[in-house]
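Student: Could you take me through how some helices pack in this model, one question at a time?

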Amino acid sequence: MIKVVLLKTMIMEAAALKPSALIKFQSPSRHFNINRSSNSIRIRIRFRRFSHPVSTSASASTVIENASISLGHVTRPDFPILHQEINGSKLVYLDNAATSQKPCVVLDALKIYYEACNANVHRGIHYLSAKATDEYELARKKVAAFINAEDSSEIIFTRNATEAINLVAFSWGLSNLQPGDEIVLTIAEHHSAIVPWQMVAQKTGAVLRFVSLTEEEVPDAKNLVETISRNTKLVVIHHISNVLASILPVEDIVHSAHNFGAKVLVDACQSVPHMVVDVQVLGADFLVASSHKMCGPTGVGFLYGKSELLSAMPPFLGGGEMIADVYLDHSTYAEPPSRFEAGTPAIGEAIGLGAAVDYLSRIGMHKIHDYEMELADYLYEGLCSVPKIQIYGPVPSQTVRRAALCAFNVENIHPTDIATILDQQHGVAIRSGHHCAQPLHRHLGINASARASLYFYNTKEDVDYFIQALRDTISFFTSFM
C-alpha cells in the first residue's frame, strides 16, 4: 500500500516540474542573469527513474487554481533535496522544526552572489563592494517588510536567533536589570531563551520567574499575565512551542506587560516561517527568528528591536563596522543597525535570506498557514490512530489550534530507537531528544520525545507514509517484547 501511494505521489511531482527559467538577481541598481536551463537533477524512486531540469523559478508563485492540487505538491519541485532516496527509500523529511529545506531560488541567490558580486560590504567604493552592499541592505529591507517593522534599521542581522537573544541579554539586560528585578518566562521556552537570562541574572541579581502549563499541556497564559508585576522588567515568551505545538496569545501578553512598564521579547522561530507575523500588531519590543527555519541559509538570523530601544543600547561586540570613531583611549559607536553588526557579516547568507523572504511572500503567508493548519490536523489524527502513543500539547478543536508538529512517545520504545528505524528502514526523517527544552520534558515526566514537524512542501501522502512506517516500526520492536 505504501509503495502504491509513493508511486502516485512521485508521478504527480514529476508532472508538476516546470522547465528551468532565466534567473534574475534583483538589485536596486542592476540585474545579473544566469541561465540554468542546462542544470538537472535526477528524481529517484524505487520503481522507476525520472530526469527533469530543476525548477529555478518559484513554481509556488503560480496561483493554485485547481483546489485538488495541494500546496505541497505545487512547491515540492522547488526543493531538489526532497527528490532522493535515503537507505533505499524515498526521503520523507519531517524535521522542519529543526531546519527547513532550501528552494532553488535561494541556492541560486547564494551562487550568484559568490560568482557575480562577492565583496565586503559598506567599506569599498569599487563596483563589487557597492553591489554587495546594495544586495545586503536590500535583504534587510525585505525582512523588515516581511514582519512589518516600521523601519529597516530595526532589523539586526545576527548569526542566528540564539545570538539575537544573547545580544538583547548582554546589551539591554546588563544595562537595565538590577537586583530584585524580575524576568518572567514559561517552562516551555527553548534553551536559547533561558540560558542567556540565567547568565545575566547571575551578574545583575535579577530573578527568573517561570510559569507552568495548564492541564491541557499549554503554557498558562492567564497565570503568566497574573505573574507580571511592577517588579517585572522583561517577559520572554515563545510564539509557538517547538514541542507542544501550542500558540501563545502574544498580543494580549504584550499589552499586559506594557501596562506594568515591562518589555517583551518574543522567540518567533517557529512562527515567522509558518504564519503572518506583524511586529506592529504584536507590539513586541524585541523579536527574534532564524533564516534556516524559513527556507533561508544557515548562519544568519535576525533581531527586531524597537528603534528607541536599540538606539539606547550599548554594543554587544566590538570591532570594525560598529564604530563611528576610534581613538587610543576610547571609541564612539555607529547608530543601529551597524552598532550591533561588528566585523564582516554573513553577506551571502543575508542575501539568501532575502531570496527566501521573496519566495515565501510569492506563495503568501496566509496560504502557507491555512495549508499547514490542514496538515496539522491530519498529522494529529493520524498519530491518534496509532496504539499506545502519547502526543504532547493541546488537543485540537474549533477554538484550539495546533502548529503542524507533534512531539510524542510510544509506550516502552525509546524515541531515538523509533527515529533510527524510521530513517534506516523507511527514509523518514524525524527528530528525537529533548528538542532544546529539557525543563519542559522534566515537567512532562520524560527524558525525550520523538517529533514530526511539517512545512508547506509536505503533503498528506508524506503523513500517510510516516504513519504506516511508524506502525511498522512499532511492530518491529514489539516483536521482541
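Predicted model: local features only at pLDDT ≥ 70, side-chain atom pairs only at ≥ 80, totals over all residues.

Tutor: Residues are numbered from 1 along each chain as its sequence is written, and side-chain values use heavy atoms, with hydrogens and water left out.

Student: How are helix 12 and helix 15 oriented to each other?

Tutor: The axes, which are lines fitted to C-alpha atoms over the stretch in contact, with angles running from 0 to 180 degrees between N-to-C directions, come within 10 Å for helix 12 (residues 365-384) and helix 15 (residues 460-478) and cross at roughly 15°. Angles under 35 degrees count as roughly parallel, so helix 12 and helix 15 are roughly parallel.

Student: Which classes do the residues of the contact of helix 12 with helix 15 divide into?

Tutor: Contact means heavy atoms within 4.5 Å, and here Glu374, Leu375, Tyr378, Leu379, Gly382 and Leu383 in helix 12 meet Lys460, Val463, Asp464, Phe466, Ile467 and Leu470 in helix 15. Ala, Val, Leu, Ile, Met, Phe, Trp, Tyr, Cys and Pro count as nonpolar, Asp, Glu, Lys and Arg as charged, and the others, Gly among them, as polar. The residues of this contact are eight nonpolar, one polar and three charged.

Student: How are helix 13 and helix 15 oriented to each other?

Tutor: Helix 13 (residues 415-426) packs with helix 15 at an angle of about 115°, their axes being 10 Å apart. Angles of 65 to 115 degrees count as roughly perpendicular, and therefore helix 13 and helix 15 are roughly perpendicular.

How values were computed: Helix = DSSP H or I, 4+ residues; strand = E, 2+ residues; numbered from the N terminus. Parallel < 35°, antiparallel > 145°, perpendicular 65-115°, else oblique.
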